[in-house]
Amino acid sequence: MPFSNSSELSPSFMLASIPGLEAVQSWMAIPLCSAYVLAVLANGAVLLVVRAEPGLHAPMYFFLCMLAAIDLALATATVPRILCFYWFGSREISFAACLLQMFLIHTLSAVESTVLLAMAVDRYVAICHPLRHAAVLTNRATAKVGLLAVARGVLFFLPLPLLLLPLPFCGSRVLSHSFCLHQDVMNLACANTTPSVVYGLTAILLVMGLDAVLICLSYLLILRAVLRLAAWRERLKVFSTCIAHICVVLAFYVPLIGLSVVHRFGKDLAPLVHIVMGNIYILVPAVLNPIIYGVRTKQIQRRILSLIHVADR
């Protein structure tokens, strides 16, 4: 029976479960919970280390702190609710909670994309215009970039839940993932969703799509500058400063593209594929980002090791 969001009955959705494996979902939640705990500890450690180490009070590490805060927020907005479902059977999510979660996921992803672009620009200026780096990328400029990233994400993705508010929903209310995404919720509406489709695609292209293009352009310019260096050893030394950022970019965009492909072309795929891809999109960047920068940054390594030694005493 169709229902409208303005009806007296509060509409709700059902989070996706894996057909045939409902009995073992509580066990499947253990690796998910472990990954979430690791993400919280690792990103929290990065934030504490950068705050406590004056030598790390520089734009690159402030950007890293922004990534850590975004990943913590994104994981916390989704994983605890998934664990409630897997462990306590709380499968139903209200329409308002679903829209809020959807808004947070898309907005935080947009903010992270903007920060990754800013980090690419930081690498470009540091390598191609090293004498201007300190003057261009000041702490004040870094703070402005962070505020701009948040404002950009909110302005572009706030209309998504607003476009879904007046739509009636009927038939199946079962989502494809264990959390709410715009494409997923929109597909359950029994009305014309063309405005929502067009705006959603436009927002994705103007934020994540444009950022990806500009990041690629930054690295093309960096590569051109590196190849102008005479010695191979010098080329490798300069380009090695970009390795961590390249890995973080891949950890963000590969799951994002994979999830988009599954939504677009994977309607006939097993539900397990949708659920796994969704969880990868949420948790892989949050787990990998602090590990990548922890391995590549000696100052962070030393500070974390000193904290571990203090805790062992």
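Against which helices do the buried residues of α5 pack? In this predicted model, they pack against α2 (59-88), α3 (95-128), α6 (159-164) and α8 (194-227). The chain that holds these elements has 12 helices and 2 strands, and its radius of gyration of 21 Å is close to the 20 Å that the globule rule gives for 313 residues, so the chain is as compact as a globular protein of that length.

**Overall architecture**

- Read along the sequence, the elements follow the pattern β-α-α-β-α-α-α-α-α-α-α-α-α-α.
- The C-alpha trace spans about 70 × 50 × 35 Å along its principal axes.
- Of the 313 residues of the chain, 45% count as buried.
- Among contacts with a separation of 6 or more, 79% are accounted for by residues 24 or more positions apart.

**Helix α5**

- Helix α5 covers residues 139-157, and its end C-alpha atoms are 27 Å apart; this agrees with the 27 Å that its 19 residues should span at 1.5 Å a residue.
- The buried residues in α5 are Thr 142, Gly 146, Ala 149, Arg 152, Gly 153 and Phe 157.
- Seen down the axis of α5, these buried residues fall within an arc of 130°, so they line one face of the helix.
- An α-helix has 3.6 residues a turn, so residues three or four places apart point the same way.
- On the other side of α5, the exposed residues are Arg 140, Lys 144, Leu 147, Leu 148 and Leu 155.

**Nonpolar core**

- The largest nonpolar core has 80 residues.
- Phe 13, Val 115 and Leu 116 are the residues with the most contacts inside this core.
- Not counting residues up to four places away in sequence, Val 115 touches Phe 63, Met 66, Leu 67, Ile 70 and Ala 149.
- Ala 149, one of the residues that Val 115 touches, is among the buried residues of α5.

**His 245 in helix α10**

- His 245 has its place in helix α10, which comprises residues 243-265.
- With a relative accessible area of 2%, His 245 is buried, because buried means under 20%.
- Residues up to four places away in sequence aside, His 245 touches Leu 116, Met 119, Ala 120, Tyr 219 and Tyr 293.
- Leu 116, one of these partners of His 245, is also among the residues with the most contacts inside the largest nonpolar core.

**Ser 196 in helix α8**

- Ser 196 lies in helix α8, one of the helices against which the buried residues of α5 pack.
- The relative accessibility of Ser 196 is 3%, so this residue counts as buried.
- Apart from neighbours within four places in sequence, Ser 196 is in contact with Leu 163, Leu 164, His 182 and Met 186.
- Ser 196 and Pro 159 are 37 residues apart along the chain, and their C-alpha atoms are separated by 8.8 Å.

**Phe 95 in helix α3**

- Phe 95 is found in helix α3, and its relative accessible area of 6% makes this residue buried.
- Although 82 residues apart along the chain, Phe 95 and Phe 13 have C-alpha atoms separated by 6.7 Å.
- Phe 13 is one of the residues with the most contacts inside the largest nonpolar core.

Technical notes. Residues are numbered from 1 along each chain as its sequence is written. This is a predicted model: local features need pLDDT of at least 70, side-chain atom pairs count only at pLDDT 80 or more; totals for chains, interfaces and linings use all residues. Side-chain values use heavy atoms; hydrogens and water are left out. Helices (H or I, at least four residues) and strands (E, at least two) are DSSP runs, numbered from the N terminus. The expected span of a helix is 1.5 Å times one less than its number of residues. Buried means under 20% relative accessible area, exposed over 50%, partly exposed in between (1.4 Å probe, protein chains only). The arc is that of the directions from the helix axis to the C-beta atoms. Contact means heavy atoms within 4.5 Å. A nonpolar core is a set of buried Ala, Val, Leu, Ile, Met, Phe, Trp, Tyr and Cys residues joined through side-chain atoms within 4.5 Å. The radius of gyration is taken over C-alpha atoms; the globule rule is 2.2 Å times the number of residues to the power 0.38.
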